[in-house]
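This report describes the architecture of one protein model, with attention to its charged pairs and its surface.

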Amino acid sequence: MQNKGAIRFFTIVLALVSIYQLLFTVFAQKVEKDARNYANGDARLERSYLDSMRGEVVYNVLFKKYTYQDCQEREINLGLDLKGGMNVILEIAVEDIIRSLAAPQFLSDPTFTETMALARQKKTNSQSDFVDLFAESFEELNPGAQLAQFFMTPETRGQIDFNTSNSDVVVYLKAEAEDAIDNSYNVLRNRIDRFGVVQLNIQKLERQGRILVELPGVKEPERVTKLLTGTANLEFWTTYQSAEVWSYLEAANTSLAEILREDAAISELAPAGEPAQLPATQEEPSILDIPQDELLLDTSGLDLLSGLDSTQVFDDQEAAFYRENPLIAVLTPYLDNQRNFIPGSTVGVVLLKDTAKVNEYLAIPQIRQLFPSDLKFAWHFQPDGTDQQFIRLHALKSTRNNQPAMDGKYVTDARVGTDPYTGEFNVSMNMNSEGAKRWANLTRENVGEALAIVLDGLVYSAPRVSEEIKGGSSSISGDFSQADADDLANILKSGKMPARARIESSEVIGPSLGAKSVQDGLNSFLIAFVVVLAYMFFYYSRRAGLVADLALLANMFFLIGVLASLQAVLTLPGMAGIVLTIGMSVDANVLIYERIREELAAGKNMKTAIKDGYRNAYSAIFDAQLTTFLTGLILFFFGTGPIKGFATTLVIGILTSLFSGIILTRLIYERMLAKGRKITFDTKLTRNAFKNANIDFLGKRKIFYVISGVIILLGIVSLATRGLNLGVDFSGGRNYVVTFKQEVETPDIQNSLAESLGETPLVITYGTKNTVRITTKYLINDDRPEVDSIIMADMFTGLQPYLGDGVTLDEFMNGQEYIISAHKVGPTIADDIKRSAVIVVVASLLIIFLYILGRFRNWQFGLGALVALMHDVIIIVGLFSLLHGFMPFSLELDQSFIAAILTVVGYSINDTVVVFDRIREYLGLQKRRERREIFNTALNSTLSRTFSTSLSTFFVILAIFLFGGDVIRGFTFALLLGIIVGTYSSLFIATPIVYDTIKKEETERVLKGAART
């Protein structure tokens, strides 16, 4: 072996770098352990201890000092499934950007609004970006018309005019949209940076407008959601006095009663069994489809509406009052004890459960026209009352352009402070010089009146102006907690989002589930490790087994060290990848040992046998590992989430296992030979295993063709009749893992939720009988910002009998004591995942086919490998279809299943390539022998290697399956099936296909030759 010195030097350097990187994790974990011991269960005390340690030096190396915060930033990144936290894919609303670029007079133009509506409709089933869909919809509705008419504003003078083509307008819109998305990305990063999350990940995704945010360790998902989705649209409005507005409200109440009476009369006149024809007022578009500047009531703050049931039971007198006073019955005047209107902008209070009804009433066109054109209503930002069931309604006064008196673009700074008299938290703001002048003029003109401070459509404060305020200072006060005030200041300081950010996909994992995943992963890792160590001792003797085990230990050490050095994220599928690497890394040693045994059987001495064994095994090792490596690369570049985590460890694991299994073991054996140590590569029990195997694989090939055909046919029939259990990754929807204090029955939970949700969810036991996973598509197409709160409230209604007495909605939603994991995938994200999955699988098969074709320079080998791989994939998918619903765990298809399929592809081709490599070797050495005999001999000669690798890998995956936890049980079940099917196909499908196609080609060549003669 050449360059031994260089190899030893590289090994030492790699070991030192791994130790250096892993120590960051060691010292960070030590500080956190000390914090837990110091706090003794007090979370606030623990957090305070860790905050005090952030600047303290905890790690010294080579004259460089690292603080606890430095170590935190460099320690091994645990994924959300191990650490708990939140993963969100946000989509910036490009339609908002287009609307902001359009001339104001066109915002309510039918041509513009119809184009936007059609583009939104197309977006649900299209991969194109919204600008293209907008232009396409405009051309469809208005052939030959000029798109430029919408965007000719003072700001676009010189860029867009009547002569600008539609394609040039699209280019302009795309550039503006991209700038706005970049700005949104920067605003989001600033907000999250100030939130104090360690090891956060925020990145723009390939599809326009999408941003991925990963926040490990976050324990307040609702707070983070508000932080991410708030636009920070700060506005200052003049207001109406409540007494001024009530005459209009009374008129609206009278008109509304008449409208509702007409509706009731039409319903009574409708024939039985036929729906009543509603008047034109009821066929107006939904509130959500009407632009905010056309609504009497600002509904952009709808997330306060928690979806509580608004149904009530009335006696006859109350019912009569509600019929005659539908608006006043739900909107109570804001009066003092003497029944006088309280001065200010608050016109009344509404029960939270009635806010949706008020929104509906004030959106009716006949009602809107009863109010002054400059009057606009808005909700207060939080409920009032001891039980937090009431919310105030404010009356705002707009300018002539239906705009606020002043917007928040002049605010330069925001800070949290406290009121010196009440001690309540508030947020003070400073403005630039232009803003200070405008603020002084605005306050001077409104002395004695209330000015409303509105953020994202909600009134945060409406103080009465006592005098002109100079210097550009103002403050927002309310019943803030410190966290609320901090977040508000953060949002204002980070700047305004140019458009709404909608959550298209989200996953929240509680810390308890993350801790369980870590424990399950470690258990499976240790068990698998012991299984492999014991197997190598048993099969290849104590000394050879010890060398292989040392290589395995070194492989694990280098793998973790490289992961730490690259700051790679370790996920639960990533841990499965590490454990799978244990099984696959044995393969290199098995190939080498089997070749050494063959060389010894041929009569060579130990030194020569080891040398030739390594040399002859290189080709098979290289081909087998490279095909798996290529599969891993495809997973890494095209996969997302769990697939990418799995691919990362798989790719790095293959590289480190090659180094450890080939180079380090060779150095050890040369050292042992130099010292004259006795080396053996078998035991008494395994010495003659498979030695005289003489199975006629090709003679029985048609039997196995029939067996495979029957299994594939059963799978296809099942796919056509039963289908597949598509997970939310592919179908869209929401998954919730909910835990209870006592054992529950899934049918009871399912029936209870069916009543509260209005549709039947899928409920299965998740691990223990007191934990269930709920899968539902309830409101999945609803993109209102409050939809998650509505779903949670409806779930709470259904689950309340099983949660115990005294559990509140807030505890259920935010405490993570009950909902330990939540996962949402919107329809467009699901379509993208399906498309990505198809690309990944097809690309893998194609690349492997091309590699085999190039490596063996024979299309029959490529075809045999491709057919075997397709055979494996079809059988596994078919078995998942056949077995789902019968197994005691979930067999749904999700991203992890795709990772499992591609792992099986890599594993199967690994087996197949080893056989192909032996066939190629024998074809070169034994040219006079019949092909059938050569093929059978090659298959029999590799049986020992196939048995060792398949058995060791099977037991490794079995350990993960049994002890790795519920999160990856379906994933590991697919791998177990894949090992069995992959081993079967490499022996009974791939090689026979090559033989049959070569035989057919030779027969045709002979026949053509005979015909010519």
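## Salt bridges and surface

At 29% relative accessibility, K174 counts as partly exposed, where buried means under 20% relative accessible area, exposed over 50% and partly exposed in between (1.4 Å probe, protein chains only). The model is predicted, so local features need pLDDT of at least 70 and side-chain atom pairs count only at pLDDT 80 or more, while totals for chains, interfaces and linings use all residues. Residues are numbered from 1 along each chain as its sequence is written, and side-chain values use heavy atoms, with hydrogens and water left out.

K174 forms a salt bridge with D132, the term denoting a side-chain nitrogen of Lys or Arg within 4 Å of a carboxyl oxygen of Asp or Glu. D132 lies in helix α7 and K174 in helix α8, so the pair ties together parts that are 42 residues apart in sequence. Helices (H or I, at least four residues) and strands (E, at least two) are DSSP runs, numbered from the N terminus. D132 is partly exposed, at 28% relative accessibility.

The structure holds 25 salt bridges, including those tabulated here.

| Pair | N to O distance |
|---|---|
| D132 and K174 | 3.1 Å |
| R595 and E921 | 3.1 Å |
| R701 and D996 | 2.8 Å |

The bridge between R595 and E921 links distant parts of the chain, joining helix α18 to helix α28 across 326 residues. R595 is buried, with a relative accessible area of 6%, whereas E921 is partly exposed at 26%. Both residues belong to a salt-bridge network that also includes E598 and R918.

In the bridge between R701 and D996, R701 lies in helix α21 and D996 in helix α31, 295 residues apart. R701 is buried, with a relative accessible area of 8%; D996 is partly exposed at 23%.

On the surface, F537, L546, L550 and L553 form a nonpolar patch with about 330 Å² of accessible area together. Such patches are made of residues with over 30% relative accessible area and no salt bridge, nonpolar side chains (Val, Leu, Ile, Met, Phe, Trp, Tyr) being joined within 5 Å; accessible areas come from the Shrake-Rupley method with a 1.4 Å probe. Helix α17 (residues 542-565) gives the most to the patch, with three residues. L550 lies in this helix and is partly exposed, with a relative accessible area of 42%.

For the protein overall, there are 31 helices and 23 strands, and buried residues make up 53% of the 1013 residues.

Methods:
Patch = residues over 30% accessible without salt bridge, like charges linked within 9 Å, V, L, I, M, F, W, Y side chains within 5 Å.
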